[in-house]
Amino acid sequence: MEPRELSSIMAQNWDLLKRVERRSGVDVKNCYQCGKCSAGCPMAFAMDYVPRQIIRLLQLGFVDEALRSRTIWICAHCQTCYTRCPKEVDLPRLMEALRQEAGRAGLVTDKKVHLFDRAFLGSVERYGRVHEMGLIVQFNLQSGQPFKDAGLAPALFLNGKISPFPSRIKDSAAVKAIFQRVRSRGGAEH
Amino acid sequence: MKYAYYPGCSLHATAVEYDISARLVAKHLGLELWEIPEWNCCGASAAHNTDHLLALALPARNLAIAEREGLDVAVPCAACFNRLKASQVAVRGSEEMRNTIKEIIGMDYQGRVEVRAFLDVVVNGVGLEKIQGLVTRPLTGLKVAAYYGCLLVRPPGLTGFDDPEDPQTMDRLVEALGATPVPWAFKTECCSASLATSRTDIGLWPIFRILKHAKASGADCIAVACPLCFLNLDMRQGEAKRRFQESLDIPIFYFTELIGIALGYPPKELGLSKHFVNPLPLLESKEILRHPATRRETA
Ligand code: SF4
Ligand code: SF4
């Protein structure tokens, strides 16, 4: 990072930071940087900033850095950090809010994870349930890896674990309506 | 005892053996399962990554149907359990949220009926004594690493039925079935969940570590209570083995399959032939499929 002047950074990012705090219910000042969250994080090995550093970025006003990080996409929401944090900082919720904000701002660093979530929800909205096979095919094509997991497919088929036909619920309109009502409240854009 | 049953999408697809064995075992133990009619997907992590309200509303529709019947809900999938429970807690805790959810799902939902993990229903609802009394084929000599993963026991304020760092429910269960639970450090380590599908390159490492530590602790097999954990540890085991050049070969069981074996069901009927890592050689080498009276002294 270039040297930057902190008080103006904070002023520029104030509204964004408050929005992330409101959406996640996390007050970033609560964190005293002990690092316990990051010591136990199973995904830290693949992150660019460990969870503690994400909070530090926010505390200093570097919201854009946090939004551009790989970390927020790699967090598996395993709840280890939240369970162990002495200050009960809900990091998984914070990661969630940052992902949503990054999606809105067009700053998606991990396209694959984002595509997967969208394909997943698309399936739920269409059928009311996830059609695993359709989801995997769509995800693999859109993420440019058409042969991913192809070796696993025959056994999955033979054992009746994936089907070319989606299982849809009769009342799928009820589920579509849930998506629509959430959207009309300004959420669930995908 | 009658419960509303929420199988979730995986149990109708990649985790079909979990559904089969759960239903068989429930019947045997006197649990009546009423599958929530027209249930919909809980939204899983994709929903809460996208929108908080959506993540609460999708599970709520299912819970509202169960509530109309006045039945507590039994959930075999740990990830669905966590989402359903989060929705119930949010609605119970705030009138404002109750009204919002009601508007979004177009149904009344008060958060009255309980949401319970199927493991909790079996162990704490039916009780270990009763289960032990029904065992005809004890799992003698089988060393089991009970793997709980994340969402069954975390965060504890939400899940609330076992310790988040060193849970015991499944350990006590396999013990009641005649097997030996091994102590190990990776009981609640995350398997990377859906990241193993969206970012397999990253997800394989946590999977490998869990398998490796289960083996190192002397376990013959791993018991799980979640379809996502199963998929990652069973289906991706071959890939993990190739990537990290280490022989793993450790069968994975749903806890319901282990109960089914101990209750005397044939492996095929439980869906054991559908696993990627074939568990039958292990069961044969321990002579578990034989009647106890005809077993050699192995223990
Ligand atoms: S464990 Fe909690 S207080 Fe400690 S660094 Fe992590 S978030 Fe901050
Ligand atoms: S919830 Fe995310 S940040 Fe927290 S320990 Fe798990 S993977 Fe790490």
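**Figure 1. The shell around ligand 2, by residue class.** In this predicted model, the residues of the shell around ligand 2 comprise 10 nonpolar and 3 polar residues, with no charged residue. There are 13 residues around ligand 2, and those that come nearest are A:Cys41, A:Cys75, A:Ala76, A:Cys78 and A:Cys81. Two helices of chain A, H6 (80–84) and H7 (91–104), each supply at least two residues of this shell.

**Figure 2**

**Figure 3. The open sheet of chain B.** The sheet consists of 4 strands in the order S6-S5-S7-S8, and their pairing is parallel. Strand S6 (180–181) and strand S8 (252–254) of chain B stand at the edges; each has a single partner strand, and therefore one side of each is left without a neighbour in the sheet.

**Figure 4. The pairing of strands S5 and S7 in chain B.** Strand S5 (residues 143–146) and strand S7 (residues 221–224) of chain B run parallel and are joined by 3 bridges. In one bridge between strands, B:Val144 has B:Cys221 of S7(B) as its partner.

How values were computed:
Residues numbered from 1 in each chain as written. Chains lettered and ligands numbered in written order. Predicted model: local features only at pLDDT ≥ 70, side-chain atom pairs only at ≥ 80, totals over all residues. Heavy atoms only, no water. Near = heavy atom within 4 Å. Nonpolar A, V, L, I, M, F, W, Y, C, P; charged D, E, K, R; others polar. Pairing = 2+ DSSP bridges.
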